[in-house]
Amino acid sequence: MSQTVTGVIARAEDAPVETVPIVIPDPGPRDVVVRIQACGVCHTDLTYREGGINDEFPFLLGHEAAGVVETVGDAVTHVAPGDYVVLNWRAVCGSCRACKRGRPHLCFDTFNASKPMTLEDGTELTPALGIGAFADKTLVHELQCTKVDSAIDPAVAGLLGCGVMAGLGAAVNTGGVSRGDSVAVIGCGGVGDAAIMGARLAGATTIIAVDTDQTKLDWARDFGATHTVRAGQTDVVEAVRELTDGFGADVVIDAVGVPETYEQAFYARDLAGTVVLVGVPTPEMRLEMPLIDFFSHGGALKSSWYGDCLPERDFPMYVDLHLQGRLPLDAFVTERIGIDGVEAAFDTMKGGGVLRSVVVL
């Protein structure tokens with residue numbers, strides 16, 4: 001039977017979000033209804049609200065979530081009612097060309113629920129990143145649910161569903177940071193600080209945080225940065241080189257995603273270093289650089305989607321590391337809010353005063 005719950009939607013571009021009744025349909029054969037316990041307020045949700053993803057309004061926002069499986073379709077085998085899960089937006093298909101080539105982290109055909117959630121009048125909702133978790137409950141495909149140890153706080157666990165995993169994975173998976181490496185991270189919000197934390201976890205010995213905001217640089221120190229560079233007050237490239245014996249960093253992670261920071265990342269790396277772009281540029285952005293500089297530098301230029309993660313492999317591992325006291329995931333939770341606080345959380349986010357606001361249900 002379908003059920004009506006409360007959810008947060010965006011009806012039109014740049015319009016304030018609304019908290020309204022939404023209808024969760026009876027799950028299809030491989031669908032799962034998850035009772036949401038917590039969901040982080042991610043910048044991607046704001047981008048949806050502003051029309052920066054697509055124009056398929058109304059959106060059911062929220063995607064960085066943890067909760068408990070409530071009901072399952074008759075063909076579900078991956079999870080069972082009562083399982084504690086983190087939701088993911090890359091439910092790998094196993095059969096697309098990327099999966100067949102052993103690159104499931106690049107899956108081109110991920111799974112989503114077979115039925116739409118709707119408003120009470122029947123209007124179909126577009127769930128953010130196929131999840132839609134600013135709600136008491138949501139409907140997802142079974143493979144969008146990753147079981148983890150229930151000892152972890154839901155407000156903490158859910159952050160692995162997007163931003164924290166994006167940063168951790170950018171360092172560990174995409175950048176391949178290893179023991180003794182030097183790493184620079186440009187942009188020290190939630191994703192950048194997660195990259196710093198990942199670099200420390202991987203054994204980097206020099207970790208340079210770069211940002212224009214001193215408060216964010218202070219946060220970066222807490223997550224493992226060994227040095228800080230105040231962009232706007234010093235030449236970023238020269239500062240990184242000075243801190244790496246004049247060579248540049250082995251891995252530079254751009255967690256901002258604008259032409260200026262990408263150019264800084266390119267020139268702040270060692271000749272055979274790696275640049276990782278994890279900050280998301282907008283479609284109109286363009287980069288102009290001498291082609292000879294690309295030719296004369298070795299190494300690699302990479303982009304990182306979802307930290308190139310495999311949720312079934314990575315989420316339980318990082319939860320376990322947190323529970324062992326080796327990964328301070330809880331430090332990303334700046335404030336806990338109610339479901340009616342999402343619009344205010346967007347305003348706070350724009351001001352740069354939080355790493356994560358988390359809706360607790």
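In this report, a residue counts as buried under 20% relative accessible area, exposed over 50%, and partly exposed in between, with a 1.4 Å probe and protein chains only. By that rule D245 is exposed, with a relative accessible area of 69%.

Some ground rules come next. This is a predicted model, in which local features need pLDDT of at least 70 and side-chain atom pairs count only at pLDDT 80 or more, while totals for chains, interfaces and linings use all residues. Residues are numbered from 1 along each chain as its sequence is written, and side-chain values use heavy atoms, with hydrogens and water left out.

D245 belongs to the loop between α7 (236–242) and β14 (249–254); helices (H or I, at least four residues) and strands (E, at least two) are DSSP runs numbered from the N terminus. Its phi is positive, about 60°, although D245 is not a glycine. L129, in the loop between β8 and β9 (137–141), likewise is a residue other than glycine with a positive phi, near 50°. L129 is partly exposed, at a relative accessible area of 21%.

**The sheet**

What is the strand order of the open sheet? Its 5 strands follow the order β7-β2-β1-β4-β8, with mixed pairing; two strands pair if DSSP finds at least two bridges between them. Because β7 (118–119) and β8 (126–127) at the edges each have a single partner strand, one side of each is left without a neighbour in the sheet. Strands β1 (residues 3–10) and β4 (residues 59–60) run antiparallel and are joined by 2 bridges. A10 has F59 as its bridge partner in β4.

P58 itself is placed in the loop between α1 (43–49) and β4.

**Rings and charges**

Rings of Phe, Tyr and Trp (its six-membered ring) pair if their centres lie within 6.5 Å; planes under 30 degrees apart are stacked, over 60 edge-to-face, and the rest tilted. The count comes to 7 aromatic pairs. One of them is W89 with Y306, which is stacked at 4.0 Å centre to centre and 5° between the planes. W89 lies in the loop between β6 (84–87) and α2 (97–100) and Y306 in the loop between β16 (300–303) and α10 (311–323), so the pair ties together parts that are 217 residues apart in sequence. W89 is buried at 16% relative accessible area, and Y306 is buried too, at 3%. Elsewhere, ring pairs link F57 and F59 with Y48 in a cluster.

A charge sits over a ring if NZ of Lys or CZ of Arg is within 6 Å of the ring centre and within 35 degrees of the ring normal. Here are two such cases:

| Charged residue | Ring | Distance from ring centre |
|---|---|---|
| R30 | F111 | 5.6 Å |
| R269 | F266 | 4.7 Å |

**Helix packing**

Axes are lines fitted to C-alpha atoms, for helices over the stretch in contact, and angles run from 0 to 180 degrees between N-to-C directions. Angles under 35 degrees are roughly parallel, over 145 roughly antiparallel, 65 to 115 roughly perpendicular, and the rest oblique. How do the axes of α4 (residues 163–174) and α5 (residues 190–202) meet, and at what angle? They come within 7 Å and cross at roughly 45°, which makes α4 oblique to α5. For α5 and α6 (residues 214–223), the axes come within 9 Å and cross at roughly 25°, so α5 is roughly parallel to α6.
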